Amino acid sequence: VLGLVAFLAYNWWLFGDPSISAGYGTSFQDQVGSGLGLGYLKNLFLAAFSVNYGMLVWSPFLLVLLPGLRDGWKAAPSWARGACLGAIVYLLVQYKANRASGGVFLGYRYPLEALTAAAPVLFLAYTERLSKRPPLRRAFIWAAIVSVAMQLLAALDIQLL
């Protein structure tokens, strides 16, 4: 909350308007203020599963972490839980205000901050559950390798198909 207040104060000082859209105009605020319809649900689905920029497509290791999330959450200190909840709220607001594609960028762009904020809980999901079960540990390692390889091939503009 303090960060949001500071952000709004900064925007007021710099742009003369205490808005969350900073210098981007009102489209961000207009999108956030619009209703929760099928367009929003479609945007969330595309953000997760689009072949071009879906977070779960480009980072399949996140799917492998799902069985460990409960254990990771229980082991996490309160600050890590708060960061993880903040990450979820951030993504929900971000995908309400912006299209999932993030423009002309390769892969996903909006979840990067949220993944960073959720990283402590994701790490604990691995250490508390996956690392102790060899099949899950191997699946995670292979999914992480696939994730890195996909990102590398895309960054180098190498097309396999």
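The side chains of Arg-129 and Asp-71 meet in a salt bridge, with 3.4 Å from N to O. The term stands for a side-chain nitrogen of Lys or Arg within 4 Å of a carboxyl oxygen of Asp or Glu, and the structure holds one such bridge. Arg-129 sits in the loop between H8 and helix H9 (134-155) while Asp-71 belongs to helix H6, so the pair ties together parts that are 58 residues apart in sequence.

A word on the source: this is a predicted model, in which local features need pLDDT of at least 70 and side-chain atom pairs count only at pLDDT 80 or more, while totals for chains, interfaces and linings use all residues. Residues are numbered from 1 along each chain as its sequence is written, and side-chain values use heavy atoms, with hydrogens and water left out.

Now for the overall fold. The protein has nine helices and zero strands; these are DSSP runs numbered from the N terminus, with H or I over at least four residues for helices and E over at least two for strands.

How much of the protein is buried? Buried residues make up 31% of its 161 residues. Here buried means under 20% relative accessible area, exposed over 50%, and partly exposed in between, with a 1.4 Å probe and protein chains only.

| Residue | Relative accessible area | Class |
|---|---|---|
| Trp-13 | 66% | exposed |
| Pro-67 | 36% | partly exposed |
| Arg-129 | 26% | partly exposed |
| Ser-21 | 4% | buried |

Two of these residues also have partners from elsewhere in the chain. Ser-21, in the loop between H1 and helix H2 (27-33), is 76 residues from Ala-97 in sequence and 9.8 Å from it in space, C-alpha to C-alpha. Pro-67 is found in the loop between H5 and H6; Pro-67 and Leu-130 are 63 residues apart in sequence, with 7.9 Å between their C-alpha atoms.

Trp-13 has its place in helix H1 (residues 2-15). Together with Tyr-10, Leu-14 and Phe-15, Trp-13 forms a nonpolar patch on the surface, with about 490 Å² of accessible area in total. Such a patch joins nonpolar side chains (Val, Leu, Ile, Met, Phe, Trp, Tyr) within 5 Å, from residues with over 30% relative accessible area and no salt bridge. The areas come from the Shrake-Rupley method with a 1.4 Å probe.

Finally, the second largest pocket has a volume of about 550 Å³. Of the 21 residues that line this pocket, the closest to its centre are Met-55, Leu-56, Ile-88, Leu-91 and Leu-115. A pocket is an open set of points on a 1 Å grid where a 1.4 Å probe fits, with protein on both sides within 12 Å along at least five of seven lines, and lining residues have an atom within 4 Å of a point. H7 gives the largest share of the lining, six residues. By class, the lining has 21 nonpolar, no polar and no charged residues.

Definitions and conventions:
Grid points are joined across faces, edges and corners, and a volume is the space filled by probe spheres set on the points. Ala, Val, Leu, Ile, Met, Phe, Trp, Tyr, Cys and Pro count as nonpolar, Asp, Glu, Lys and Arg as charged, and the others, Gly among them, as polar. Patches are made of residues with over 30% relative accessible area and no salt bridge: like charges are joined within 9 Å, nonpolar side chains (Val, Leu, Ile, Met, Phe, Trp, Tyr) within 5 Å.
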